[in-house]
Amino acid sequence: MTLLLLLLLQSPHARLEGRVPTAALPGLDSLIEQAVAESLPTEPLVQKALEGGAKGIPVPRLVNGVRHGLVQLRDARAIVSRATPARASLDGDVAAVAAALARGLDPRLIERLLPGEPPGPVLHAAADLVAHGFPADSAAELLRAAQQQGLHGTRLLDVAVAASHELQREGGRTPVEALARVRAMLPNVPVATPPHPRTVTRRPGRGS
Amino acid sequence: MTVIDPRLQEALDGERDPAALPAELREAYARLTAAAALLREPPATSVADRVMAEIRREAPAPRPPNWLLRPVTFRLRPVWTLAVAAAVAAVVFLPLRESATPGAEEGVAQFVGHFPGARSVEVVGSFNDWQRGALALRDEDNDGIWHGAVVLPAGQHEYMFVVDGERWVADPLAGRYVDDGFGAGQQNALLIVRP
C-alpha cells in the first residue's frame with residue numbers, strides 16, 4: 001500500500017497540484033497524457049510546468065510552453081529514430097535531443113552526432129561551439145575527430161572549451177585557425193579543472 | 001557565451017602580469033580572482049556529516065534498559081499510515097542531497113552571483129523541481145558576491161537566480177543559456193554537472 005501511495009504522490013498530476021494555477025491543470029494533464037500515449041518522456045514536461053508555475057507565467061503561456069515542449073519531444077524522437085534505427089529510443093536520448101533542439105542546434109547536425117554514445121555531452125559540446133560562432137559542420141567534424149581520438153562523454157565539453165579559448169587568444173584567431181589548433185592538440189585538450197573555473201573567467205555584468 | 005577581453009583572459013591564465021592591465025581591466029581582474037577564491041572553498045560541511053559527528057560523539061551505552069527489550073505493539077489508523085508514507089516519500093524523493101561528498105553519478109555545483117545591495121539570492125531550477133526556498137546563496141561579508149554549493153546528479157540542469165524573492169535573473173556567469181519556451185524571450189541558465 002505504501003508503495004502504491006508513493007507512486008500516486010509522484011504522479012505528474014500530484015506533483016503539479018498546488019504548484020501551477022488550477023486553471024492550467026486540465027490542459028497540462030492532457031498534454032502529459034498525450035506524451036504517455038506516445039511513449040514519450042513526461043519528466044521534461046512536468047519540469048516545464050513546474051518552472052512556469054514558479055515563475056508565475058500566465059496560464060495560456062504556461063500551457064503553450066509545455067505544448068511546445070511536447071512538440072520538441074516528438075521531433076527529438078523522430079531524429080533519434082532516424083539516427084539509430086536499429087534500437088528503440090531511450091527516454092534519456094530523446095530528452096537530450098529535445099534539449100539540444102531547445103539550444104538551437106540544427107536537426108541535421110544532431111542526427112550526424114547521435115550514433116555512438118549517450119548524446120547529452122556531445123550535443124552540448126556542439127551547441128557550445130555553435131554558440132561561439134564556429135560553423136556547425138566544422139564543429140561536428142572536430143567532435144568526430146575527438147571521438148576517434150578516444151575522447152567521450154564530458155571530455156568532449158573540454159574540446160569546446162579549448163576551442164573557445166583559442167578563439168579568444170590575443171592577436172585574434174579565426175574560427176578555422178582555432179579549430180585547427182584544437183585538432184592538433186587532440187586528444188590532449190586540457191581538462192576543465194573543478195570547481196567550474198569557467199565561471200570565474202567571465203566578465204560579470206549581464207543581469208547583475 | 002560572453003566574450004572576455006583577451007588581455008584579461010591572459011592575466012587570469014597567468015600569461016600576463018595583472019599589474020600591466022589598464023585600470024578598468026585591473027578592477028575586473030580583482031573581482032574575478034576574488035570570485036575564484038570563493039569557488040576554491042570546499043562546500044560547507046553537510047548535514048549528514050554533522051549528524052554522523054554527533055552520533056560518533058555519543059558514548060555507547062553499556063547495557064540497554066529493560067523497556068527497550070520488551071516487545072511493543074503499534075496500532076495505526078489508516079490516516080497515520082498515509083502520513084508515514086508521505087514522510088517516507090519526502091525523504092526518498094528529496095531532490096537535493098545535502099552531502100559534501102558526491103557519489104559516482106554526482107558532482108558539486110557552485111553558484112556565484114554579483115548582486116550588490118540584494119537582501120536575498122536563491123537558486124531555483126530543474127534540480128529542485130523549481131521549488132523556492134531550497135537553495136539560498138550567502139554573502140557573509142556583504143560585498144555583493146553571493147555564493148553557494150550543492151551536490152547534484154550529473155547531467156544537465158536549467159536554473160535561475162531569484163533576487164530579493166521576486167526578480168528572476170539568468171546567472172550572468174553560466175556561459176550556457178536556453179530559451180525558457182514561455183514566449184517572452186527569457187532565458188534560463190544551463191548547468192552541466194560532471195560526475
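Domain bounds here come from an automatic or database domain assignment. This is a predicted model, in which local features need pLDDT of at least 70 and side-chain atom pairs count only at pLDDT 80 or more, while totals for chains, interfaces and linings use all residues. Residues are numbered from 1 along each chain as its sequence is written, and chains are lettered from A and ligands numbered from 1 in the order in which they are written.

**View 1. The two domains of chain A and where they touch.** Chain A splits into domain 1 (8–102) and domain 2 (108–198). Their centres, taken over C-alpha atoms, sit 29 Å apart. Ten residues of domain 1 of chain A and nine of domain 2 of chain A make the contact (C-beta atoms, placed from the backbone, within 7 Å). On the domain 1 side, H5 and H6 of chain A are the elements that give two or more residues; helices here are DSSP runs of H or I with at least four residues, strands are runs of E with at least two, and both are numbered from the N terminus. H6(A) brings the largest share of that side, five residues. By class, the domain 1 side has six nonpolar, two polar and two charged residues (Ala, Val, Leu, Ile, Met, Phe, Trp, Tyr, Cys and Pro count as nonpolar, Asp, Glu, Lys and Arg as charged, and the others, Gly among them, as polar).

**View 2. Helix H5 of chain A, end to end.** H5 covers residues 59–83 of chain A, 25 residues in total. From first C-alpha to last it reaches 36 Å, close to the 36 Å expected at 1.5 Å a residue (the expected span is 1.5 Å times one less than the number of residues). Buried residues of H5(A) include A:Leu62, A:Val66, A:Gly69, A:Leu73, A:Ala76 and A:Val80; buried takes 20 or more other C-beta atoms within 10 Å of a residue's own, exposed 12 or fewer, and partly exposed lies in between, with C-beta atoms placed from the backbone. What do the buried residues of H5(A) pack against? Their partners are helix H3 (25–37), helix H4 (43–55), H6 and helix H7 (107–113), in chain A.

**View 3. A:Pro12 in helix H2.** A:Pro12 belongs to helix H2 (residues 12–16) of chain A. Why does A:Pro12 count as buried? Because it has 20 C-beta neighbours inside 10 Å. Setting aside neighbours within four places in sequence, A:Pro12 contacts A:Ile32, A:Thr42 and A:Val46. A:Leu45 is 33 residues away along the chain, yet its C-alpha atom is 9.2 Å from that of A:Pro12.

**View 4. The largest nonpolar core.** This core has 95 residues (buried Ala, Val, Leu, Ile, Met, Phe, Trp, Tyr and Cys joined through C-beta atoms within 7 Å). A:Val97, A:Leu123, A:Ala126, A:Leu143, A:Val159 and A:Ala163 touch the most other members. Helix H6 (residues 91–102) of chain A supplies the largest share, nine residues. Not counting residues up to four places away in sequence, A:Ala163 touches A:Leu129, A:His132, A:Phe134, A:Leu142, A:Ala178, A:Leu179 and A:Val182.

View 5. Chain B has five helices and seven strands, and from the N terminus they run α-α-α-α-α-β-β-β-β-β-β-β. Its mean pLDDT (the predictor's confidence in each residue, from 0 to 100) is 77. Over residues 54–61 of chain B, pLDDT stays under 50, with zero contacts beyond four places in sequence. Where pLDDT is low, the predicted coordinates should not be read in detail.
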